[in-house]
Amino acid sequence: MATGGFDGAIFDVDGVLVDSPHERAWKDALRELMEGDWADIREHTTWSEDAFTPQVYQRVISGKPRTAGALAALEHFQFPDPQARTQTYAARKQAFIVRLIEARQFTAYPDALRFVMAVRDLGIPAAAASSSKNADRFLKHIHLDTFAQQEGLTYDFVHPGLTLLDFFDADLSGRDLARGKPDPEIFLTAAAELKAAPERCFVVEDAVSGIRAAKAGKMAALGVARADDQQLLTAAHADLEVTTLDEVVGLADIFVTAT
């Protein structure tokens, strides 16, 4: 896999590296509120359990910081006074996600683990850059040494006890920044910490907001359409869209389409 002229690789976590239960937590938290504390406003919204689809999650919530995601969901379902309800929804969702993480209700995507190790083997520094403050909770439980052994992969940088959290040269996940995606601040900060020019970096994202942030930062954007949403990523101007990172034959593929 050719380096494609890149000096930095930046990875979102949820939906890219980890099949996380965030969508489940957002959906279940809102259902619980609507069946309990907020039952009296149900008829004044467009919410229903069936209306909270994976497509809504990807288009409206995914990739945004927790508070922004909560507000976006409430506005999407036309809740009365959504600003006043945002913190309650965000806190309920956080309680759900922590329980799911502690119960290990998540898995890492094998194609993503193969890809990040192949990128490292090319000598390209890598950063994790998720808006979620829970991202590191996932990364520390993913053991690359065990995965490499199971896959029969041999790399000099793999050592006993290596986790995905230890793997990255920089970790921006959950950092308090002034602006969330689709603003490019998190990706520009990651590039700076990798000591790479933004235009020499590529970003791997599954969310529309993340693709837009990458392009706003003048970076190449590799979209991973894991939720049958390739058209959304294309519309957000991803430079290359794949359904699995095993499809990326060479990083030059991204570089060519980005220039």
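Contact, as used in these legends, means heavy atoms within 4.5 Å. All views show a predicted model.

**View 1. Surroundings of Asp206.** Asp206 lies in the loop that links strand E6 (201-205) to helix H10 (208-216). Beyond its neighbours within four places in sequence, Asp206 is in contact with Asp12, Asp14, Gly15, Val16, Gln58, Ser62, Val224, Asp229 and Leu233. Although Asp206 is buried, it has no salt bridge. The nearest side chain of opposite charge belongs to Arg226, 6.7 Å away.

**View 2. The open sheet.** The sheet is built from six strands with parallel pairing, in the order E5-E4-E1-E6-E7-E8. Strand E1 (residues 8-11) runs parallel to strand E4 (residues 126-128), and three bridges join them. Ile10 stands opposite Ala127 in E4.

**View 3. Helix H10 on the sheet.** Helix H10 lies across E6 and strand E7 (220-224). The angle between H10 and E7 is about 170 degrees.

**View 4. The nonpolar cores.** The largest nonpolar core comprises 68 residues, and those with the most contacts inside it are Phe11, Leu17, Leu30, Tyr89, Phe115, Leu164 and Phe202. Helix H4 (residues 82-102) gives the most to this core, contributing seven residues. Leaving aside its neighbours within four places in sequence, Leu164 is in contact with Leu17, Leu113, Val116, Leu139, Ile142 and Leu144. Another core, of 23 residues, lies apart from the largest one and includes Ile186, Cys201, Met219 and Ala221.

Methods: Residues numbered from 1 in each chain as written. Predicted model: local features only at pLDDT ≥ 70, side-chain atom pairs only at ≥ 80, totals over all residues. Heavy atoms only, no water. Helix = DSSP H or I, 4+ residues; strand = E, 2+ residues; numbered from the N terminus. Buried < 20%, exposed > 50% of the residue type's maximum accessible area, 1.4 Å probe, protein only. Lys, Arg positive; Asp, Glu negative; His and termini not counted. Salt bridge = Lys/Arg side-chain N within 4 Å of Asp/Glu carboxyl O. Core = buried A, V, L, I, M, F, W, Y, C linked by side-chain atoms within 4.5 Å. Pairing = 2+ DSSP bridges. Axes fitted to C-alpha atoms, helices over the stretch in contact; angles between N-to-C directions.
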